[in-house]
Amino acid sequence: QVQLVESGGGLVQAGGSLRLSCVASANTFTINTWAWYRQGTGQQRELVARISSRGSTLYADPVKGRFTISRRNAPDTVYLQMNSLKPEDTGVYYCNVDGQGYYTGTYRSYWGQGTQVTVSS
């Protein structure tokens, strides 16, 4: 069982910065991959950035060079540093983790409730 709590969203002007945080409370579950997704109004949810337990990262083309994903242990936390924000970055940002149960080894994904990011022009 994993509970994800996101924070850091808000309203910012274009060119500004925000830092999103997601803290995981995991029980009998090992997190292998952290990710941030976002969903703009009338759009599909899309991957923004991903980081593996080995530290490898992946970014969606629209955010490359502007966003940085990072993580730490104890407590398990993932961050998304967003710089040079643009109005098209506006949307609900969701924290996501993939991992395995300690006992079953079954893979499963968990999602946070989302945090709103609004970038004004």
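How many aromatic pairs does the count come to? We'll get there, but first a quick word on what you have open. This is a predicted model, where local features need pLDDT of at least 70, side-chain atom pairs count only at pLDDT 80 or more, and totals for chains, interfaces and linings use all residues. Residues are numbered from 1 along each chain as its sequence is written, and side-chain values use heavy atoms, with hydrogens and water left out.

Now, that count: two aromatic pairs (rings of Phe, Tyr and Trp, its six-membered ring, with centres within 6.5 Å; planes under 30 degrees apart are stacked, over 60 edge-to-face, the rest tilted). Select Phe29 and Tyr110: their ring centres are 5.1 Å apart and their planes sit at 85°, so this pair is edge-to-face. Phe29 belongs to strand E4 (residues 29–39) and Tyr110 to strand E10 (residues 107–111), 81 residues apart. Strands here are DSSP runs of E, at least two residues, numbered from the N terminus. Both Phe29 and Tyr110 are buried (under 20% relative accessible area, with a 1.4 Å probe and protein chains only).

Next, show the open sheet of four strands, in the order E1-E3-E8-E7 with antiparallel pairing (strands pair if DSSP finds at least two bridges between them). At the edges you'll find E1 (2–7) and E7 (67–72), each pairing on one side only. Zoom in on E3 (residues 18–26) and E8 (residues 76–82), joined by seven bridges. Click Cys22 and look opposite for Val78 in E8.

Last stop: Arg19 lies over the face of Tyr79, 4.0 Å from the ring centre (CZ of Arg within 6 Å of the ring centre and within 35 degrees of the ring normal). Arg45 lies over the face of Trp111, at 4.7 Å.

Methods:
Buried < 20%, exposed > 50% of the residue type's maximum accessible area, 1.4 Å probe, protein only.
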